[in-house]
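Please keep the sequence and the coordinates at hand while reading.

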Amino acid sequence: MIIKIDFNSDEAIYMQLRNQIVVGIAQEKIKNGESLPSVRQLAEELGVNMHTVNKAYSILRNDGYLKLDRRKGAVVSISLESRTKHLETMNVDIRMMVAEAICKDISLEEMHQIVEDMYREFGDIQNGGKK
């Protein structure tokens, strides 16, 4: 698993880590059922505090991407139980993005193209966005 942390970014390190793991799962570079490095191991590899990795893993667990097991560690386990909650959250987030797009004179067609390109980037366009 290759994670690159930008220590000069305004984005918190734990969020960079969380987001890169989610992208890795979406791109199928990290598979469902795969164990992630231990908190200690990943912290050492990245040169960050263990609490930073622990916080990222906790958020991933709460968001339904990981299960934490004392014996196996952090295991990718995509939970669809929280799908409704994620749709609600996405609705709020995307609503703001659409408002910003309208303010910046970005058309609906341009927005469609952006989303389509992203699905294509993740290799999921052939399934209509469903894996």
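A nonpolar core is here a set of buried Ala, Val, Leu, Ile, Met, Phe, Trp, Tyr and Cys residues joined through side-chain atoms within 4.5 Å, where buried means under 20% relative accessible area, exposed over 50% and partly exposed in between (1.4 Å probe, protein chains only). The model is predicted, so that local features need pLDDT of at least 70 and side-chain atom pairs count only at pLDDT 80 or more, whereas totals for chains, interfaces and linings use all residues. Residues are numbered from 1 along each chain as its sequence is written, and side-chain values use heavy atoms, with hydrogens and water left out.

The largest nonpolar core holds 20 residues, of which Leu17, Ile21, Leu36 and Tyr57 touch the most other members. At least two residues of this core come from each of helix H1 (13–26), helix H2 (39–46), helix H3 (50–62) and strand S2 (73–76); helices (H or I, at least four residues) and strands (E, at least two) are DSSP runs numbered from the N terminus. With neighbours within four places in sequence left aside, Leu17 is in contact (heavy atoms within 4.5 Å) with Ile3, Ile5, Leu42, Leu46, Val53 and Ala56.

Serine 77 lies in the loop between S2 and H4 and is buried, its relative accessible area being 18%. Its C-alpha atom is separated by 5.8 Å from that of glycine 33, 44 residues apart along the chain. Beyond four places in sequence, serine 77 is in contact with Asn32, Gly64, Tyr65, Leu66 and Lys67.

The structure holds 3 salt bridges, each defined as a side-chain nitrogen of Lys or Arg within 4 Å of a carboxyl oxygen of Asp or Glu.

| Aspartate 63 | Arginine 18 | 3.0 Å |

The salt bridge of aspartate 63 with arginine 18 links distant parts of the chain, since aspartate 63 is in the loop between H3 and strand S1 (66–69) and arginine 18 is in helix H1, 45 residues apart. Both aspartate 63 and arginine 18 are buried. Aspartate 69, by contrast, counts as partly exposed at 26% relative accessibility, and arginine 71 counts as exposed at 75%. Arginine 120 and glutamate 116 are separated by about one helical turn, because they are 4 residues apart in helix H5 (residues 108–121).
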